[in-house]
Amino acid sequence: MADQTNHNQAGEVTPSTVDKQAPSVTEENAPSTDSPEATDLPTANAPDPNAAKPTATPPKREKPAAAAKAAVAEKPAAAAEEKPAAKAAKKEKAPAVEDKPFVEFIEQDYLPALQKAIAQQGVQDLQVSFAKQKVPITGFESAEECWQIIGSWKEIGLRQFNLYFPEEDIQGKKGFSCNEGKKPSTLESFLIDERKITLDLLVFGLVQRLDGQKWLGIN
């Protein structure tokens, strides 16, 4: 290939046609100075890289009171379901023995409890009955019959007491009399200061009265 470098007459080397054209090609393909160049200077529209970045707003925490209200708001439905169950349980509760019919209560509950309590005081030969009859006290001959508990021991009839229920109601008026082989002379009121009579109170009251008569224990 022939050397494209031209030598002039003085022996100087002159650039070839290609070398002369190279600058013009380079200049044509060079980027224009009119195009915007990226710089480190901030512009009006670009954010300042050195400016502090805004911090993210933390989520608001629900106040304890608000959380409690929300929890309470969820409970009414469950509470409403529990109420019928509680009512049903109350309905299934067995009635108190004192709510039984009068005669049934005396025969099934009071007499057995009374005999047991008196036996615990050392009386082993107690005879007790329940009957509707006249009050065996002078001055009450014309009175109507009433339900009475009659108890006796010590050779049958030596000591006797009567507990009277003229209203056929343990919560109503009650009377007491006692004697030792003779006709009773007085009728006492019995448990008149108690607002509500229960089985235990009715047993305790009579045992206490007999103990006051010195008929129980070592008396």
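Leu 210 touches Ile 118, Trp 153, Phe 161, Phe 176, Trp 215 and Leu 216, leaving aside residues up to four places away in sequence; a contact here means heavy atoms within 4.5 Å. The model is a predicted one, in which local features need pLDDT of at least 70 and side-chain atom pairs count only at pLDDT 80 or more, while totals for chains, interfaces and linings use all residues. Residues are numbered from 1 along each chain as its sequence is written, and side-chain values use heavy atoms, with hydrogens and water left out.

Leu 210 also belongs to the largest nonpolar core, which has 31 residues; together with Ile 106, Tyr 110, Ile 118, Ile 149, Phe 161 and Leu 206, Leu 210 touches the most other members. Such a core is a set of buried Ala, Val, Leu, Ile, Met, Phe, Trp, Tyr and Cys residues joined through side-chain atoms within 4.5 Å, where buried means under 20% relative accessible area, exposed over 50% and partly exposed in between, with a 1.4 Å probe and protein chains only. At least two residues of this core come from each of H4, S4, S5, strand S6 (175–179) and H5. H4 gives the most, with eight residues. Helices (H or I, at least four residues) and strands (E, at least two) are DSSP runs numbered from the N terminus.

Next comes helix H5 (199–212). Its 14 residues reach 20 Å from the first C-alpha to the last, close to the 20 Å expected at 1.5 Å a residue; the expected span is 1.5 Å times one less than the number of residues. Buried in H5 are Leu 199, Leu 201, Leu 202, Val 203, Gly 205, Leu 206, Val 207 and Leu 210, and their cover includes H4, S4, S5 and S6. After H5 comes Lys 214, with a positive phi near 65 degrees.

In the loop between S7 and H5 lies Leu 191. Leu 191 touches Lys 174, Ile 197, Leu 201, Leu 202 and Gly 205, again not counting residues up to four places away in sequence.

Seven bridges join S3 to strand S4 (residues 146–153), and Val 128 stands opposite Gly 151 in S4.

Technical notes
Two strands pair if DSSP finds at least two bridges between them.
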